Amino acid sequence: MRVPNSVVLPVGTHVDCCREEEVEEKRRDIMAKIAAMLAERKSNLAHFINNLEGSEEPEFYVDQWERLKEMENCTLTILKLVAVNCTDHHDIKKLEHTILEHVKNEELFPEVVRVLPPVYRQVEVAIVDIAQSEEMADHGMMDLQYLLSKLSQCEHLANLGRELLQDILRYLHRIGLVVWYEEIKHLESTVFLQPTFLITMFKLLVRYRLVQQLESIS
């Protein structure tokens, strides 16, 4: 909801636990709830914006107003829900096919036709090699400057500069190959070459009833 021009594909799992008519009923129910949630969000944003504009000293709330206006302008496209049985390989392939068809839709993703310079692909291949090398630690974390020096050792990347590398990392972050939190001061110099490590960490730290589990430890 905070990302401009977002496209969301809802996926319903555990189809194998439902009767066929239940699947369609649940699909309609989920889509209706999503629509209601978006309508409520739009109404709430409009309400908050009106309150700020109608306040006695609106100049004190300019920053808040601008943030709310940005959120109000974030369009969100919700695609038709895909129902899958995760134990069925055919259903997984069907989901994969559906995602690829949506991604190739130029109306949804205008940038899909953008042609990247060859160096983007060269850096991508080199980073994959580094991530899979034996010297790479399991956590896959690497200092940005050290990564640049490692990439510069490749003959065809000898002239790779920091600014270009940062542009490429933004692209690789968007496609999910690496994770780079450049907007977080304490993490801006760290690149995560193994995003799955972060997922594992989040699963350990962000979990149901975590506080209660910690409190139960003497």
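Visitor: Why is Tyr181 called partly exposed?

Guide: This is a predicted model, and the values are computed from it. Tyr181 has a relative accessible area of 22%. Buried means under 20%, and exposed means over 50%. The value for Tyr181 falls in between, so Tyr181 is partly exposed.

Visitor: What makes Phe192 buried or exposed?

Guide: Phe192 has 5% relative accessibility. The cut-off for buried is under 20%, so Phe192 counts as buried.

Visitor: Why are the rings of Tyr181 and Phe192 called edge-to-face?

Guide: Their centres are 6.2 Å apart, and rings pair within 6.5 Å. Their planes stand at 70°. Over 60 degrees counts as edge-to-face, so that is the label for this pair. Tyr181 sits in the loop between α6 and β6, while Phe192 is in strand β6.

Visitor: How many aromatic pairs are there by this rule?

Guide: The count is two. Tyr120 and Tyr171 also pair, with centres 5.7 Å apart and planes at 65°, so they too are edge-to-face. Tyr120 belongs to helix α4 and Tyr171 to helix α6, so the pair ties together parts 51 residues apart in sequence.

Visitor: What makes Tyr120 and Tyr171 buried?

Guide: Tyr120 has 9% relative accessibility and Tyr171 has 18%. Buried means under 20%, so both count as buried.

Visitor: How do you know where the largest pocket lies?

Guide: Domain 1 (6–104) and domain 2 (118–201) both give residues to its lining, so the largest pocket lies between them. Its space is about 690 Å³. Among the 18 lining residues, those closest to its centre include Phe109 and Arg174.

Note on methods:
Residues numbered from 1 in each chain as written. Predicted model: local features only at pLDDT ≥ 70, side-chain atom pairs only at ≥ 80, totals over all residues. Heavy atoms only, no water. 1 Å grid on protein atoms, 1.4 Å probe; cavity = no way out; pocket = protein on both sides within 12 Å on 5 of 7 lines; lining within 4 Å. Points joined across faces, edges and corners; volume = space filled by probe spheres on them. Domains from an automatic or database assignment. Phe/Tyr/Trp six-rings, centres within 6.5 Å; stacked < 30°, edge-to-face > 60°. Helix = DSSP H or I, 4+ residues; strand = E, 2+ residues; numbered from the N terminus. Buried < 20%, exposed > 50% of the residue type's maximum accessible area, 1.4 Å probe, protein only.
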